[in-house]
Each structure stands twice: as C-alpha cells, then as structure tokens.
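Have the model open while you read.

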Amino acid sequence: MADDLDAIRSELDAAAAAADTTAAIEAVRIDFLGRKGRITELLKTLGALAPDARRERGANLNRLKTDVESRLEARRRSLSDQALDQRLGSERFDVTLPTRPESEGRLHPISQTIDEVVAIFGEMGFQVAEGPDIEDDWHNFTALNIPPEHPARQTMDTFYLPGQPGAPKTVLRTHTSPVQVRTMKILKPPIRIIVPGRTFRSDSDATHSPMFHQVEGLLIDETTHFGHLKGCLIDFCRAFFGIDNLPVRFRPSYFPFTEPSAEVDIGCSRKGGELKIGGGDDWLEILGSGMVNPKVLENCGIDSTKYQGFAFGMGLERIAMLKHGIPDLRTFYESDLRWLRHYGFSELSVPSMVLGLEP
Ligand code: DAH
C-alpha cells in the first residue's frame with residue numbers, strides 16, 4: 001500500500017521541479033491537495049479500512065500531505081530568489097550621477113509677519129491667544145458694545161452662516177476682537193494678550209480680501225492708562241518697521257468697544273509717487289486702538305471700577321504690504337509660486353524690540 005504513496009511522492013517531485021511560475025505551483029497544489037486532489041481522495045478512503053491499517057495509512061497520508069506543502073513552499077521560495085537574482089544582475093546604479101536639485105520652500109509673508117509681531121509683543125510680555133473663526137453674534141458684536149441695530153454692524157460686511165431656528169446667530173468673525181471677550185471671561189487681570197488670526201468680510205479689491213488677517217491686542221490691569229497704550233504702540237511700530245525714529249501719530253477716532261479711541265498713523269513720504277515709510281510729511285493709518293470701554297469689561301465679568309486697560313487691532317496684510325512694498329492684497333492668496341519666491345522669506349528672521357537690531 002505504501003508503494004502507491006512513494007509513486008505519488010516521485011510524481012510530486014517531478015511536477016514541483018517542472019513548475020516554474022507561481023500559477024503552475026498553485027496548479028500542482030490543487031492537483032494533490034485540492035478538494036478533489038489525489039491525496040484528498042485517498043484520505044476519503046480511510047474510513048473503509050480496519051482500525052490498525054487506518055491508523056498507519058492515515059499517518060502516512062498526513063506525512064505526505066505535509067511533504068507536498070513544504071515541497072511547494074520551497075519551490076516558491078526558490079523561484080522568487082531566482083527572480084531577485086535576475087533583477088539584481090540586470091540593474092545598475094551609477095553612484096557618480098549628480099544629485100537631483102532640491103527646491104527650497106519659502107515662508108509666506110503673512111506667516112513671517114505673524115512671527116515678527118509675536119516676537120515684538122512677546123518681548124513686551126504679551127502672550128498669544130486664539131479663538132474660533134466661526135463666532136456667535138454675542139462675542140463678535142454684542143459683548144463688544146455693538147448692539148443689534150448699531151451702525152457698526154453695517155460697516156463690517158458680515159458673512160452670516162445659515163442659522164438653526166432657536167440657536168444663536170453665527171458669523172465668520174469680522175475681526176479678532178471677540179477673542180478679547182473670550183479671554184476676559186476666562187482669565188483674571190492682569191491680562192496681556194495678542195491674537196493673530198483669520199478674519200472675514202464680504203469685500204474684495206486691491207486692498208481688501210474676503211479672508212484676511214488681523215492681530216488684536218489687549219492689556220488689562222489696575223492702573224493702565226493711555227500713556228501705556230501710546231508707549232507700547234510707538235515701540236511696536238518702530239520695531240516692526242525697523243526705524244528708530246519713525247514718527248507715530250495718535251488721531252482721535254471712534255470704536256464702540258473703546259473710549260477714548262485713537263487711530264494710529266505712521267510718518268511717510270510719497271515723493272515722486274513712491275511711498276517711503278519713515279520721514280516725510282505724510283501719514284499712513286495702520287491701526288485702531290483705545291481704552292477698553294467699561295461696558296465691555298462689565299459684559300465680560302470684569303469689575304470696571306477696579307480694572308482698566310487698552311486694546312488695539314490691525315490688519316496684518318496691510319502692515320506686511322507697507323513694510324515690503326507689496327502693491328496688491330489679492331496676490332497674497334493666489335498661490336502663485338513666482339510671487340512667493342519673490343516676496344517669501346527663506347529663513348526665520350525676526351526683528352527685535354531692541355531697536356536698531358533688525359537682522
Ligand atoms: N476690531 C477693529 C476692526 O476690525 C479694530 C480695532 C480697533 C480693535 C480698536 C481694537 C481696538 O481692539 O481697540 O476694525
């Protein structure tokens with residue numbers, strides 16, 4: 001009886017040796033071990049044998065089955081080794097070829113400007129705070145002393161989001177000022193924060209983009225006064241533009257969230273149609289500021305008889321355009337690599353509050 005198994009074994013050897021693809025190996029496996037395979041059929045005949053004979057024949061058949069599996073596995077491995085040898089034999093690497101040129105990325109002027117602003121205010125002890133792009137009406141307007149029918153709401157070209165009935169109205173924040181509110185509700189004075197971030201208004205031309213960036217500033221303490229506001233913003237303007245004696249002017253203005261309010265201008269000249277920041281007898285408006293309106297403090301749960309402070313807000317694209325002579329705001333967001341190569345920054349170069357030390 002065992003003879004027939006020897007015969008099967010030598011047929012297996014021949015079939016395995018002849019199989020030179022994985023598909024051929026699989027065909028051999030099916031021929032021997034498949035549902036109707038030769039060994040499978042023999043296993044089905046075990047039931048007809050006497051117990052002793054069945055035990056012996058069963059053991060032999062099982063051994064044969066494992067032999068088929070390992071024989072075919074060995075064949076598979078040897079085929080794949082052969083294929084690898086062949087590939088290694090035919091491939092050539094030329095280690096003398098020059099390396100591929102690397103292209104270096106650039107930092108977007110907005111990222112660079114945020115880094116610079118954070119570095120300058122960071123040296124004055126301000127921390128960075130953040131808030132959501134989608135705001136509710138209360139944080140964006142009401143808490144900042146802009147009640148529902150206030151004309152300031154009309155001037156902001158607000159993007160309103162589709163509302164759920166009964167839920168508070170939501171907007172894409174029109175300024176970074178709502179983060180003042182969020183911060184004052186969480187932190188106890190003294191507070192010193194700046195808030196760089198995205199803002200949105202439905203407006204688009206050479207100096208407006210529907211998405212733009214602002215940085216907000218807020219300082220609240222017990223004895224903070226307008227002199228601190230002036231000193232802080234003059235120092236900032238001079239450090240940011242890298243001009244020690246940059247003229248800075250405070251012009252009375254109005255914002256619902258500050259009282260009194262001032263807009264800040266820096267000196268410039270426009271001789272021959274060319275704008276030059278610094279000397280000259282002209283002015284450029286760059287930011288809004290003021291002493292935080294006591295109503296805003298109260299809206300945020302801060303005792304306005306004990307605390308006072310100042311706030312400011314400015315457009316980051318605007319100060320970046322002025323500093324680097326970028327003429328059109330829309331180009332910031334056109335993702336034109338030639339523009340980025342021209343106006344982008346290749347390394348982190350951050351000006352210092354220590355005036356005159358701009359890298
Ligand atoms: N939120 C104002 C705007 O978007 C800018 C501003 C002005 C912010 C005066 C302030 C401020 O914090 O005190 O136009």
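Of the 15 residues around the ligand, which come nearest? They are His175, Ser177, Arg201, Gln214 and Glu216, where a residue counts as near if one of its heavy atoms lies within 4 Å of the molecule. One caution: this is a predicted model, so local features need pLDDT of at least 70, side-chain atom pairs count only at pLDDT 80 or more, and totals for chains, interfaces and linings use all residues. Residues are numbered from 1 along each chain as its sequence is written, and side-chain values use heavy atoms, with hydrogens and water left out.

Here are some polar contacts, meaning pairs of N or O atoms within 3.5 Å.

| Residue | Atom in the residue | Ligand atom | Distance |
|---|---|---|---|
| Serine 177 | polar side-chain atom | nitrogen | 2.9 Å |
| Arginine 201 | side-chain N or O atom | oxygen | 2.8 Å |
| Alanine 311 | polar backbone atom | oxygen | 3.2 Å |

On its own, the ligand has 360 Å² of accessible area, and the protein covers 91% of that (Shrake-Rupley method, 1.4 Å probe).

Now the cysteines. The whole structure has 0 disulfides, a disulfide being a pair of cysteine sulfur atoms within 2.5 Å. Cysteine 300 is in no disulfide either, with the nearest cysteine sulfur, that of cysteine 232, 20 Å away. Cysteine 237 is buried at a relative accessible area of 0%, and cysteine 300 is buried too, at 7% (buried means under 20% relative accessible area, with a 1.4 Å probe and protein chains only).

Zooming out, the protein chain splits into domain 1 (2-90) and domain 2 (109-356), with bounds from an automatic or database domain assignment. Their C-alpha centres lie 79 Å apart.

Terms used: Buried means under 20% relative accessible area, exposed over 50%, partly exposed in between (1.4 Å probe, protein chains only). A polar contact is a pair of N or O atoms within 3.5 Å; within protein, one must be able to donate a hydrogen and the other to accept it, and residues adjacent in sequence count only if both atoms are side-chain atoms.
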